[in-house]
Amino acid sequence: MVFGVALLVAVLLSGLAARTVLSTSLLFLVGGVLVSDGFLDLIHITPDSEIVSVTADLALFAVLFTDGMHVSFPKLRANWRTPARALGLGMPLAFLGMALITHYLVGLDWTTSLLVGAVLAPTDPVFASAIVGRKEVPAKLRQLLNVESGINDGLALPVVLILITAAGPTSGHAEADLGKIALELVLGLVFGVMLPFVVIELVRFRHLGAEPKLQPLLPLGVGVILYATCHLTHANPYLAAFSAGAVLTARSPQAQEAFEPLGEALAELAKFAALLVFGALLTPQLFGDLSFGGYVAVVLAIVLIRPASLLLSLLGTSFTRQEKLVAAWFGPKGFASVVYGLLVLQAGIPQGEGAFTLIAVCIAFSIVAHSSTDVPIARLFHVEDLAGPPGRIPAPRAVKETDHVGT
């Protein structure tokens, strides 16, 4: 009932949200807070509730699967240097910077502080899409944010798992645990590449193929089978999801085009459900458990650590000053950090609860700050409308990440 009402309200206000600082993501987050313990007391959810891990897991899988479909290998080959800078230099700097302020301002030990830094280092593909999808923003900036937010989740995951192993109660078996982590990552990559590859090859048989109205269900079937396979074999589902989406697009652009409307709708639904559940975790008690130093660390993570690290990584690039500042600011925390934070909480780490509280508050502040600034940021740019002069055919969704529409 709560989700249905929140969904209806969000849809009715979505037109207003597209023109103002209001956002549908923020509506669901606030809705979750209002119905939680300590406010209206309509739903009772704790961090160890199964619904929390399930909704966050499904949302991240769905978002990474659809986000992988936006990866263009030809574009990456032509413009790989700037995303590589953001991932290879900006992300490690953000990771280390967050670990430093966590250790000195919050008082967590070094291993747990590094773990917090790894959890909060990736940016979120869901909230980055709020600005990536706006045509007012230059294409190279959209591509940077899209590639960075889509890939950094997978890059952070091994580090998170290794640090959980080092900080957890089973740290004495670190070598065996690291081998298990490596196997899960390799299996995720293998399944994510092989399953869509085999399915697309099957479609090319003369007597096989989907009729037009069922074509969107082909990638959906791949995603469902992949999700189940990963959970049955303990392969990493997030690496599998992103790689499967990228392989599907590379092998069959037609499948990607057919699935895009359905995929984005399903990803939005999963995102909204996870936001509502996450919002229900943000009780007054959780905010009260964070120390003053923790709040200072949260503010610094959003307004200093991410901006400074990305600005350093973009030195010497062709980006304008305005583009660098926008890229530096728009580094929201989200579902990947929620899922990784839950892993920290459930791992039995001595300082795990304190780490999770810091992570949860930081994500909440980031969602509010970034989801309410995408429209004003987009309006800073004055670029030619892709619709062109009267009589010209508007650009379809499939080419939304290009500079100009071919004539």
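Is R251 buried, exposed or partly exposed? With a relative accessible area of 28%, R251 is partly exposed, where buried stands for under 20% relative accessible area, exposed for over 50%, and partly exposed for what lies in between (1.4 Å probe, protein chains only). The views below come from a predicted model, in which local features need pLDDT of at least 70 and side-chain atom pairs count only at pLDDT 80 or more, while totals for chains, interfaces and linings use all residues. Residues are numbered from 1 along each chain as its sequence is written, and side-chain values use heavy atoms, with hydrogens and water left out.

**View 1. The salt bridge between E201 and R251.** The two side chains meet at 2.3 Å, N to O, a salt bridge being a side-chain nitrogen of Lys or Arg within 4 Å of a carboxyl oxygen of Asp or Glu. Because E201 belongs to helix 9 (residues 174-203) and R251 to helix 11 (residues 237-251), the pair ties together parts that are 50 residues apart in sequence; helices here are DSSP runs of H or I with at least four residues, numbered from the N terminus. E201, at a relative accessible area of 29%, is partly exposed.

**View 2. The salt bridge between R306 and E148.** The closest N and O atoms of this pair are 2.5 Å apart. R306 lies in helix 14 (residues 292-313) and E148 in helix 8, so that parts 158 residues apart in sequence are tied together. R306 is buried at 6% relative accessibility, and E148 is buried at 4%.

**View 3. The salt bridge between K140 and E323.** Here the N to O distance is 3.5 Å. As K140 sits in helix 8 (residues 139-167) and E323 in helix 15 (residues 321-329), the pair ties together parts that are 183 residues apart in sequence. K140 is partly exposed, with 32% relative accessibility, whereas E323 is buried, with a relative accessible area of 7%.

**View 4. Packing of helix 6 and helix 17.** Helix 6 (residues 110-120) and helix 17 (residues 352-371) pack with their axes 10 Å apart and at an angle of about 25°, the axes being lines fitted to C-alpha atoms over the stretch in contact and the angles running from 0 to 180 degrees between N-to-C directions. This makes helix 6 roughly parallel to helix 17, a term that applies to angles under 35 degrees.

Technical notes:
Helix = DSSP H or I, 4+ residues; strand = E, 2+ residues; numbered from the N terminus. Parallel < 35°, antiparallel > 145°, perpendicular 65-115°, else oblique.
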